[in-house]
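Please keep the sequence and the three-dimensional view side by side while reading.

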Amino acid sequence: MKLIFERSTPGLSCEILPPCDVEAYELKAEQQRGQELRLPEVTEGEISRHYTELESQTFGVNSGYYPLGSCTMKYNPKINEEIAGLPGFADIHPLQPAHTVQGCLEALRLAEKLLCEITGMDYMTFQPAAGAHGEFTGLVLIKKYHESRGDKKRTKIIVPDTAHGTNPASATMAGFTTVSISSGQDGLVDLEALKAAVGEDTAGLMLTNPNTLGLFEKNIVEIAEIVHQAGGLLYYDGANLNPVMGIVRPGDTGFDIVHLNLHKTFSTPHGGGGPGSGPVGCKAFLAKFLPVPRVEEKDGEFYFSGDYENTIGSMKAFYGNFLVVLKALAYILTLGREGIPEAAKSAVLNANYMMKKLEDLYQVAYPGRCMHEFVLTAEPLKKKTGVSALDIAKGLLDNGMHPPTVYFPLIVHEALMVEPTDTESKQSIDEAVKVYRELYEKACTDPEALHQAPVKTAVRRLDEVTAARNPILRYNFD
Amino acid sequence: MGSYIPNSKAEQQKMLDFLGLASLDDLYNEIPDKVKLKGGLNIPAGKSELEVRRQMEALAGKNKVFRTIFRGAGAYRHYIPAIVKAVASKERFVTAYTPYQPEISQGVLQSIFEFQTMICELTGMDTANASVYDGATACAEAITMCVDRKRDEVFVSATLHPDYLRTVKTYCYAAGRKLVVVPEKDGVTDLAFLKENLNEKSAVFLMQQPNFYGIIEDAEACFKVAREAGAKSVMCINPIFAAIGKTPRECGADIAVGEGQPLGISLSFGGPYLGFMACVQELTRRLPGRIVGQTKDIEGKRAFVLTLQAREQHIRREKASSNICSNQALCALTAACYMSTMGPTGLKEVANQCLAKAHYAAKHISSLPGYELVFDAEFFHEFVTRCPVDVNKLMAKLEEEGILGGYPLEGPYEGCILWCFTEMNTKEEIDRLVAILKEGIQE
């Protein structure tokens, strides 16, 4: 494919603006840009064709089966996009007076109310722009909480070895040291290891439940007790809320803070990497630390308030990825009381069904009932045939399917982490199962073919080593 | 009730039969009863699409869409060409995940590579990343790039957008970093203070261009002082201004960041927006977030891939340069499409029209008694005036005419107004504004 710069012809342009209707003004020479500005010079038709070509080489949720573990690639309803595009939302300046944005504020309050009910929390901020941003926000809340009590020795955050990489990275940004604890034989938090890890320096525990192996931490009440008794707080990484929404509420199981990934559980699209939205909910005793501004209500009028002495400050400008919150709100209103748990059950049913259809060939890393996802290990297959998890993933590409997440969680060798989601049909799962089984056969009979895969895609396997060693990170005009 | 589950009850039962389970509830029989929610969620029953649309449209109807906007302060109304909206709503761009599988993601990857190139062109820098959340977090992340064991003190100008400053403060608090806010003097960074206070512990100095008050600061002088003290320099720049104004690179910055919202992204009540980050070559491996690089496939075909991942959280965990995972990729694609549509001439024209209209407006507003310019300094498309009447009453009067007036300042300049003018404002609109202000004085 040509780069947009390679489609450029000097002198071409799109005619967008009328001539300026006031006298021109010129900056002083020393304030002016000296360097040439090399942007593409193209007509609208050329731009349209360019992006149509780029789109054709992009794999969207509707391009095919997309069971990317931990990412919850469910269908993104169209109505939600239309709602976010309404001028009454999209054309609103963030600094308009409160009486002219009552609808925006009411939407934020409503989203807060519904998501608090779903998570069992008391308050929620929508400022965090993504899950990791939510984690960071939650950890700063924990920091501030301990400090406010004059407890300055709590410097450690405990995370299980199955945790997402963002957990320890967020802990570092919040000035904590990470203590990683090993999972037990069953893939769950090892209570003895946790007991040994907690102490006077424990600030909190970050936990994903169900965890990244797709297993529900059934000892959650005991876990919460251990952490709370040691004086720490419990943080819920909401990446995997989808299979338990409407079934189990984090707040009822002892969690003090949660973040949600609206772009996972609540159906907002991923945009090729973002924007997402990572609201953070907390129990009432932490509310005074939440970021500002916060939406308040008095006599039926909504307004922003920044007047909180103990606030941690702000996590970004304005109020978060507002339009993303609207999409999630529309989704929750659509599913409602019955639809939320039904979606959860569909996700769990799909995952267990697919796992059982594959477990005679591919080894399940932690057998038993899974929630939204299950993790296979291609290690035995690799020993037997030389075909790795990566090779299987690349083989799936030739079959028009997006591979599962590979090589995560880190405690499973040759991991294939499969999350079918609630919006996948039995029919498409059956088709996927057929392909997974065929690839297994292929691995046994013709492993070389899988080492070579993919062959049907626009490009073949890439030289990632050279890309990192001699980085070319921008177009070279010369 | 709306539902997106594609299996009938009969199909679900078949699947349950295969699993040896009687009902969907049995899927959860390993979860202790004591932690299960009793009695279901206390939220309204699900609704049909039409009902949801009506409810959300009713909410949208409670907001006022202003026909004319003279307010910026970090969110700018520019014209968004139709092609930009069309491209940004293409289904695959909207719904794809982060391009972990490059063989089927060349479209998204290439769009990011093009975006990185354009941000480098705009800022004069060598390397850009695939975006961060917004301008405020871009500032905070840039600071993190500059801090090390020897130098961990952070200097930020008070003329930075107040939300950005508050965000930077929170990030510094979290990491336990000392933050020095360099005072504002006559609307610009107090250079003498900076000179006196930078020391061998100082890691970085960050300022905004044009600053929160719209003023084009002498960034070169500030960065020279920072460099002499051994500190890095960060410029948070308005990308429209960058088309005609001296680039961060030309001013001597090591890192350029900014809010990309003016590049084709709607006001959206504050988000999603687009944080961009670019830097000089030496700092490339300290950049946070995704970076796309060019490489070849095994047949020698040019291709693009996420690269330098050894910086990132999924590899480095607690030692990562940042925790960022999701970014604002679709907004980056939107901005790249906007820059392609405007082209070099068009983007400069946007900037020049902003500049011309703001100066036309400033001339006429400031000639009204009581509306004098507060600062005697060059500005881009925003400037501050005094206000001889009650600011709230003035705003209410403008609102009646469908006009969102300038932003009433708080803090040291309370009672003053920060006005903003872009290519969207016609001469007629500006003249009307001046007439209304004039009437207000006479009343």
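The quantity called pLDDT is the predictor's confidence in each residue, on a scale from 0 to 100. Chain B averages a pLDDT of 97, and 100% of its residues score at least 70, while the model scores ipTM 0.98 and pTM 0.98. Because this is a predicted model, local features need a pLDDT of at least 70 and side-chain atom pairs count only at pLDDT 80 or more, whereas totals for chains, interfaces and linings use all residues. Residues are numbered from 1 along each chain as its sequence is written, chains are lettered from A and ligands numbered from 1 in the order in which they are written, and side-chain values use heavy atoms, with hydrogens and water left out.

Of the 443 residues of chain B, 65% count as buried, where buried means under 20% relative accessible area, exposed means over 50%, and partly exposed lies in between (1.4 Å probe, protein chains only). A contact means heavy atoms within 4.5 Å, and among the contacts in chain B with a separation of 6 or more, 69% join residues 24 or more positions apart.

Since 11 of the 12 residues are buried, helix 6 of chain B is largely enclosed by the rest of the structure; the buried residues include G135(B), C139(B), E141(B) and C146(B). At the start of the helix, a side-chain oxygen of D134(B) reaches to within 3.2 Å of the backbone nitrogen of A136(B).

Helix 6 of chain A, residues 166-173, is mostly covered, with seven of its eight residues buried, among them T166(A), N167(A), P168(A) and M173(A). This helix is followed by G175(A), whose phi is positive, near 80°. In helix 7 of chain A, residues 191-197, lies A196(A), which counts as exposed because its relative accessibility is 67%.

S202(B) is in strand 7, residues 202-209, and it counts as buried because its relative accessibility is 0%. A polar atom of its side chain lies 2.7 Å from the backbone nitrogen of N199(B). Leaving aside neighbours within four places in sequence, S202(B) is in contact with R151(B), E153(B), F155(B), N197(B), G230(B) and A231(B); the C-alpha atoms of S202(B) and A231(B), 29 residues apart along the chain, are separated by 5.8 Å.

N7(B), in turn, lies in the segment before helix 1 (9-19) of chain B and is buried, with a relative accessible area of 8%. Its side chain reaches the backbone nitrogen of K426(A) at 2.7 Å. Leaving aside neighbours within four places in sequence, N7(B) is in contact with residues that include N350(A), E424(A) and S425(A) from chain A, and Q12(B) and M15(B) from chain B.

On a 1 Å grid over the protein atoms alone, a cavity is a set of points where a 1.4 Å probe fits but cannot get out, and a pocket is an open set with protein on both sides within 12 Å along at least five of seven lines, while lining residues have an atom within 4 Å of a point. The largest pocket is lined by 45 residues, of which L95(A), Y407(B), P408(B), L409(B) and E410(B) lie nearest its centre. Helix 13 (391-400) of chain B is one of the elements that supply at least two residues of this lining, as is strand 9 (301-305) of chain A, and helix 13 of chain B gives the largest share, five residues. The largest cavity is lined by 18 residues, with G74(B), Y76(B), Y164(B), Q208(B) and N238(B) nearest its centre. Strand 8 (232-237) and strand 9 (255-259) of chain B are the elements that give two or more residues to that cavity's lining.

Key. Helix = DSSP H or I, 4+ residues; strand = E, 2+ residues; numbered from the N terminus. Polar contact = N/O pair within 3.5 Å; in protein donor to acceptor, adjacent residues only side chain to side chain.
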